[in-house]
Number of protein chains: 2
Amino acid sequence: MFLYYFSMTLSEEDYIKAIYHLSETENVSVATNAIAEQMSTKPSSVTDMLKKLSDKSLVNYKKYQGVSLTEKGRLVALTIVRKHRLWEVFLVDKLNFSWDEVHEVAEQLEHIKSEALIDKLDAHLGYPKVDPHGDPIPTKDGTFKKSVKKLISELPVCSEGVCVGVNDSSVAFLKFLDKNKISLGNTLKILEREEFDGSVTIQTRTGTIRISEQIASNLFLEIVDAV
Amino acid sequence: MFLYYFSMTLSEEDYIKAIYHLSETENVSVATNAIAEQMSTKPSSVTDMLKKLSDKSLVNYKKYQGVSLTEKGRLVALTIVRKHRLWEVFLVDKLNFSWDEVHEVAEQLEHIKSEALIDKLDAHLGYPKVDPHGDPIPTKDGTFKKSVKKLISELPVCSEGVCVGVNDSSVAFLKFLDKNKISLGNTLKILEREEFDGSVTIQTRTGTIRISEQIASNLFLEIVDAV
DNA sequence: AAAATAATTTAGACAAATCTAAAAAATTGT
DNA sequence: ACAATTTTTTAGATTTGTCTAAATTATTTT
């Protein structure tokens, strides 16, 4: 990605990340209260920190006007997100954590400071493009693809994505997934679609299976635009 | 190992570790100044922290009398050492860092709080007994073997240890090691010794080679007592 | 557009971890 | 043994990140 030529405290990094995530959804400028809520802290603490981040040119801040990341701040945020998501891949792929257990630990690991570490981790993991939640991993230079969540039934052949949710959470359906060794966080690839009945052949972690149109319209994949 | 039923700050952990390492070499009780020097801080700061650690029953501290770890403190120290050394193994074995690049990063990683993480990391690494410097890794319950440093020529057949140093650092010798793909941090095993000339067959990372008695008396292995 | 409400900032305090300078205790040298 | 030196502790200040309570600014309602 890039090296910050200045040191950031753990707390500063957390604020930058919070502002980044809030501006993803809310866009434009982020409110002091929103940051306070996201970080489980008080608005007055947020104000103090915004001044500090502004002094470091990481955010654009004017009193009472909300805040946004500067280009520099955005790069810091993307570095942290990159680290967080790479560590999540590590935890799931290499240490066999499940999809939903990794967040807390990744929150700690994302603050480890070493560019070489992240480069080598990235290589070790085979340069993954998405984390176990299907969210895209920013590249070293701070660019990354947006991802979208779609049903398998809506996707063209050759699409590849991470299984991130189900429409129908009936016991029967979940049992089907379990029997076929599909779980959240798995990467699935669409190999072939039968025009006749809409059934789909997919590549799972453990092999190739064929699923009915009904199943395909119940499984969400998070996919990164291949363009 | 065990869970601490209380939270430790990063700084507290660093002090506990420093006291542990100092009492390894100096033994008995550790001096305030020694801790200050080890940690690149001032004696007055050390005094403050010792009071705090004493309140938490992690050290035995009486004014002007030096300090030692309590049983509880020793367990905390061993947990940290265990984490540090497991991460070092990870960095060298999995991420291809070299032996001498890992310390700084491991100093950060050792503070990550998650018992599950360490258990899974340990399993992922194949339950290593020593780190890349040949130092033994404490087990989960806080026991561990002492290790000793010996020349290959002094060791019996079947000994296994980590290459940790050379007697003769001439260019010719180092070139020999390089050619035979032996580097510091590698685990070597003594397979056979020829009585006639003292030459030794050893298992290296990449294969089996035979080395002369002269070479064998120039290479130090750190070995954990197999008893 | 004024009043009421909500959001944000300021002021002042606090805890953790550090520092400097000075005081107190322990150790050493003769 | 006692003066000199070294080690350790205390006292008071500083920095970072936080808090509460009060003041200020912005927004909404009527």
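The legends below describe close-up views of a predicted model.

In this predicted model, local features need pLDDT of at least 70 and side-chain atom pairs count only at pLDDT 80 or more, whereas totals for chains, interfaces and linings use all residues. Residues are numbered from 1 along each chain as its sequence is written, while chains are lettered from A and ligands numbered from 1 in the order in which they are written.

**View 1. Residues around DNA strand C.** A residue is near a strand if its C-beta atom, placed from the backbone, lies within 6 Å of it. There are 20 residues around DNA strand C, and those that come nearest are A:A31, A:N33, A:S44, B:T9 and B:S44. By type, the surface near DNA strand C divides into five nonpolar, 10 polar and five charged residues, where Ala, Val, Leu, Ile, Met, Phe, Trp, Tyr, Cys and Pro count as nonpolar, Asp, Glu, Lys and Arg as charged, and the others, Gly among them, as polar.

**View 2. Helices at DNA strand C.** Helices are DSSP runs (H or I, at least four residues), numbered from the N terminus. At least two residues of the surface near DNA strand C are supplied by each of helix 2 (32-38) and helix 3 (43-55) of chain A and helix 1 (10-25) and helix 3 (43-55) of chain B. Helix 3 of chain B gives the most, with five residues.

**View 3. The contact of chain A with chain B.** Two residues are in contact if their C-beta atoms, placed from the backbone, lie within 7 Å. The contact takes 14 residues from chain A and 14 residues from chain B. On the side of chain A that touches chain B, helix 5 (103-109) and helix 6 (115-124) of chain A are the elements that give two or more residues, and the largest share, four residues, comes from helix 6.
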